[in-house]
Amino acid sequence: MTPPLDVDACRRRFPGLTRHVNGRPAAFLDGPGGSQVPQSVIDAVADCLAHRNANDGGAFATSLAVGEVVDAARGAVADLLGAADPDEVVFGLNMTTLTFALSRALARTWRPGDEVVVTRLDHDANVTPWVLAAADAGATVRYLDIDPADCTLRLDLLPDLLNERTKLVAVGLASNAVGTVNPVREVVAAARRVGALVFVDAVHAVPHLLVDVGALGADFLACSPYKFFGPHAGALWGRRDLLERLPAYKVRPAPDSGPGRWMTGTPSFEAIAGTHAAVEYLAGLGGGGDRRASLTAAYAAIRAHETALAARFLDGLAQLPAWRVWGITDPGRSGDRVATFGLTHRAKPAAEVAATLGAQGLFVWSGNFYAAGLIERLGLAPAGMLRVGFLHYNTAEEVDRVLEALATAAD
Ligand SMILES: Cc1ncc(COP(=O)(O)O)c(C=O)c1O
């Protein structure tokens, strides 16, 4: 039995959550675009700049210290993702930049006539890098469609998209627009049957779900610390043999072995320090002790809390017939979604509603959230959707507040 999350105690750790707008407390429902950070993350970033500020690789105190920052953060992110080997963790500016770097390297191994598979559900950072890389190599791109009724992947169509020429399947773990959690293990199993590699975009999943790269069986997985209570940065996990072997673009004399092969230029050491602190924050929610075990307990508590928020929100939305929820709404399928909701009103453009809510201190997004293919597939371009996202620091009161605002915002 998972002990419930102490949401008030969590919230007290986030200075950003104390903001007020026009006399009302701000409700941060913009987590899918980026989370707030706890004080411990802010302190870790500041400490790195104050006391460990140097480039790495030198034989003097601050340089050695910053090297330790990177090593320790690799261990933390490995635990976060269930990776056995910290040297399989690469840090970068953000997920998009890391994915472009990897896609260019992979494309150097592709030949004309090879194929890659992307989906209509994914954030464009897990689509266009592969489309451009395929174009560079003369490879063909195939698209896995969705069922527009519930915004789930049409897994039944996947076998027909795969063949012995398929080199890569790129799939998201959770949709940043409509919250669908994809059956990535099944995608991996299908890809393996034809010998294709699998790249997983876990950016939207990591704030909500415990990731286990071993259990998923994929080859690469990317995430973004600024979505899971850390600073603006990206992290990539890759199977060690692939990270060692693939022809990374790099300058001389950058390391030709280890994760440093993929870390072009000087990284944001302070963001890496903050990323480590974000993992420790999450682990702390699970009670301490062994970090992976603590993270497992923490995510169970986070999941239970967010699932309750999602159920409450869906219940309320069922009373608002002017609003349409895109994605899974069946309460019996709560395991197949995270608490991220894409909505449209039958008359009001999403941007107008977002502005009305923003003035009331309800921070929500509108548009396509870079899930451009999905919004086009659903026929919702260019206005897109309104997106309401709940994280573990959101409360039932905030759910009720946004429901009340949605009921009246479109009057
Ligand atoms: C699902 C998903 N993938 C990729 C990205 C891009 O991440 P980054 O901003 O780190 O490049 C985002 C950002 O919103 C996202 O939500």
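**Entry 1: before anything else**
I noted that this is a predicted model. I kept that in mind for each entry.

**Entry 2: the seven-stranded sheet**
I traced an open sheet of seven strands, and its order reads S4-S12-S11-S10-S9-S5-S6. The pairing in this sheet is mixed. I then looked for the edges and found strand S4 (89-92) and strand S6 (140-144) there. Each of the two has a single partner strand, so one side of each is left without a neighbour in the sheet. On average, neighbouring strands of this sheet are turned by 20° against each other, direction ignored.

**Entry 3: S9, S10 and a helix**
I zoomed in on strand S9 (residues 166-172) and S10, which run parallel and are joined by five bridges. For Val 171, I found the bridge partner in S10 to be Val 200. I also saw helix H7 (residues 184-193) lying across S9 and S10. H7 runs at about 175° to S9.

**Entry 4: Asp 201**
Where does Asp 201 sit? I found Asp 201 in strand S10, which spans residues 197-201. Is Asp 201 buried or exposed? Its relative accessibility is 6%, and the cut-off for buried is under 20%, so Asp 201 counts as buried. Leaving out residues up to four places away in sequence, I listed what Asp 201 touches: Met 95, Asp 122, His 123, Asn 126, Val 171, Gly 172, Leu 173, Ala 174 and Ala 222. The side chain of Asp 201 also reaches the backbone nitrogen of Val 203, at 2.9 Å. For a sense of distance, I checked Asp 201 against Asp 43: they are 158 residues apart in sequence and 29 Å apart in space, C-alpha to C-alpha.

**Entry 5: the ligand site**
Asp 201 turned up again here, among the residues that surround the ligand. I then looked at polar side-chain atoms facing ligand oxygens:

- His 123 has a polar side-chain atom 3.5 Å from an oxygen atom of the ligand.
- Ser 224 has a polar side-chain atom 2.7 Å from an oxygen atom of the ligand.
- Lys 227 has a side-chain N or O atom 2.6 Å from an oxygen atom of the ligand.

How much of the ligand's accessible area does the protein cover? I read off 89% of the 390 Å² that the ligand has on its own.

**Entry 6: the four-stranded sheet**
Next I followed an open sheet of four strands, in the order S13-S14-S17-S16, with antiparallel pairing. Strand S13 (323-326) and strand S16 (365-367) are the edge strands, and each pairs on one side only. I noted an average twist of 35° from one strand to the next. Helix H12 (residues 350-359) packs on this sheet and touches S13, S16 and S17. The direction of H12 makes about 40° with that of S17. Between S16 and strand S17 (residues 385-389) I found three bridges, in the antiparallel sense. Gly 367 stands opposite Met 385 in S17.

**Entry 7: His 345**
My last stop was His 345, which lies in strand S14 (residues 340-345). His 345 has a relative accessible area of 15% and is buried. Its side chain reaches the backbone nitrogen of Ala 347 at 2.9 Å. A polar atom of the His 345 side chain also lies 3.0 Å from the backbone nitrogen of Lys 348.

Key. Residues numbered from 1 in each chain as written. Predicted model: local features only at pLDDT ≥ 70, side-chain atom pairs only at ≥ 80, totals over all residues. Heavy atoms only, no water. Pairing = 2+ DSSP bridges. Axes fitted to C-alpha atoms, helices over the stretch in contact; angles between N-to-C directions. Contact = heavy atoms within 4.5 Å. Buried < 20%, exposed > 50% of the residue type's maximum accessible area, 1.4 Å probe, protein only. Polar contact = N/O pair within 3.5 Å; in protein donor to acceptor, adjacent residues only side chain to side chain. Near = heavy atom within 4 Å. Areas by Shrake-Rupley, 256 points an atom, 1.4 Å probe, with all protein chains shown as cover.
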